[in-house]
Amino acid sequence: MSELSLVWRIAEHGWAECELRTPDERVVVPASYVSDAPEDFLSGLAHVCAWGGSTTFTFVGEPAVYRWTLTAGSGVLEVAVEHRPGPAQAGSVSTPVWRGTFVLSTFARASVRAFDAVVHEHGLAGYEQVWGRPFPTGELEALRSAWRHLGSIGT
């Protein structure tokens, strides 16, 4: 399983980037505020932390679409990101752009810290002004709770 660096950054008004980096790979996945990218990321990760199983969600990159699949079990998380150059249409094919396997609690911790850093940098009001939507406080707290529960059970 790989070491991980995860950064969520507001690139410009209405645009964010999720950067995932391991010692061997790096990918930057863009997201537009027309999608619920931060909410879906945090909620999806909280769900698999709490319940295991698999979830998928999408970042809209106008016009590109990035489909995330998170699959968790036995304290391990598999992350896969696929890219489609445009909206789902007949003949539109997704291409894998990134894949990694991590300790679930490590990925959750990196994600909580990434969003905590965004709040520290922008503040709640600044985040909404720059991103164009309110900060996903409830979703971050749900992930934080799920991550703490993982730690309390030793996963």
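**Exercise 1. Determine how many residues make up the largest nonpolar core, and which of them have the most contacts inside it.**

Solution. Begin with the criterion: a nonpolar core is a set of buried Ala, Val, Leu, Ile, Met, Phe, Trp, Tyr and Cys residues joined through side-chain atoms within 4.5 Å, where buried means under 20% relative accessible area, exposed over 50% and partly exposed in between, with a 1.4 Å probe and protein chains only. By this criterion the largest core holds 44 residues, and those with the most contacts inside it are W8, F41, L45, F59, W68 and F107. The greatest contribution, ten residues, comes from helix 2 (residues 104-131); helices (H or I, at least four residues) and strands (E, at least two) are DSSP runs numbered from the N terminus. The model is predicted, so local features need pLDDT of at least 70 and side-chain atom pairs pLDDT 80 or more, whereas totals for chains, interfaces and linings use all residues. Residues are numbered from 1 along each chain as its sequence is written, and side-chain values use heavy atoms, without hydrogens or water.

**Exercise 2. Work out the strand order of the open sheet, and state which helices pack on it.**

Solution. Two strands count as paired if DSSP finds at least two bridges between them. Four strands then form an open sheet in the order 4-5-6-7, with antiparallel pairing. Its edges are strand 4 (53-61) and strand 7 (95-103), each of which pairs on one side only. Strand 4 and strand 5 (residues 64-73) are joined over nine bridges, and V60 stands opposite V65 in strand 5. Next come the helices, for which contact means heavy atoms within 4.5 Å, while axes are lines fitted to C-alpha atoms, for helices over the stretch in contact, and angles run from 0 to 180 degrees between N-to-C directions. Helix 1 (residues 37-51) touches strand 4, strand 5 and strand 6 (76-84), and its direction makes about 170 degrees with that of strand 4. Helix 2 touches strand 5, strand 6 and strand 7, at about 110 degrees to the direction of strand 7.
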